Amino acid sequence: GTGSTATQPQLAIAEFIRHGHYLQHLRRMRTRYQQNRDVMTGWIMKYFPPGTRVSQPRGGFMLWIELDEAFDTLRLNRHLEQQGVQIAVGSIFSASGKYRNCLRINYAPKLTPEIEQAVQRVGETIQMLMLAHAPERDITLARSD
């Protein structure tokens, strides 16, 4: 038959929405995403250097992470690629190459121990690079005459 008869999946979805399951589903997903966001934020605060700032842009399932002004996430990315870890560096979100000290992390997927290990590896690599590129401190020994 021709015409615009609804397909089986469309009918199933209509039923799902009509019986209020869709709202339940949305509430369940929203709760899960909020929990994921809180867990991921906790991991970042635990594994990243002190002074790291985390914010959540409106809409979407991303955390925006700001590191020390002088930090270069492109260098971080090169180190992480060798370890098989992927991040979204901040400079790809700017035409003028701003946000070099920022990165974005997605918290929508199911948060597994493997993801926690990846976040830990990112944090450890950041700390290692910060130490390696810290300006040399003048070490002067105070003499007490």
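In what order do the strands of the open sheet lie?

**View 1. Four strands make an open sheet.** The order is β1-β2-β4-β3, and the pairing is antiparallel. Helices (H or I, at least four residues) and strands (E, at least two) are DSSP runs, numbered from the N terminus. Two strands pair if DSSP finds at least two bridges between them. At the edges lie β1 (53-55) and β3 (88-89), each pairing on one side only. Helix α2 (residues 21-47) packs on the sheet and touches β1, β2 and β4, where a contact means heavy atoms within 4.5 Å. The direction of α2 makes about 20 degrees with that of β2; axes are lines fitted to C-alpha atoms, for helices over the stretch in contact, and such angles run from 0 to 180 degrees between N-to-C directions.

This is a predicted model: local features need pLDDT of at least 70, side-chain atom pairs count only at pLDDT 80 or more, and totals for chains, interfaces and linings use all residues. Residues are numbered from 1 along each chain as its sequence is written, and side-chain values use heavy atoms, leaving out hydrogens and water.

**View 2. Strand β4 has partners in β2 and β3.** Strands β2 (residues 62-66) and β4 (residues 102-106) run antiparallel and are joined by 5 bridges. Look for methionine 62 opposite asparagine 106, and for tryptophan 64 with its bridge partner, arginine 104. Arginine 104 is also the bridge partner of alanine 88. Strands β3 and β4 are antiparallel too, with 2 bridges.

**View 3. The largest nonpolar core holds 24 residues.** A nonpolar core is a set of buried Ala, Val, Leu, Ile, Met, Phe, Trp, Tyr and Cys residues joined through side-chain atoms within 4.5 Å; buried means under 20% relative accessible area, exposed over 50%, and partly exposed in between (1.4 Å probe, protein chains only). Met40, Ile44, Phe48, Leu76 and Val122 touch the most other members. At least two residues come from each of α2, β2, α3, β4 and α4 (113-132), and α2 gives the most, with 5 residues. Not counting residues up to four places away in sequence, phenylalanine 48 has contacts that include Trp43, Ile65, Ile105 and Val119.

**View 4. Histidine 79 sits in helix α3 (residues 73-82).** This histidine counts as partly exposed because its relative accessibility is 28%. Leaving aside residues up to four places away in sequence, histidine 79 touches Thr125, Met128 and Leu129. Histidine 79 and threonine 125 are 46 residues apart in sequence, yet 7.6 Å apart in space, C-alpha to C-alpha.
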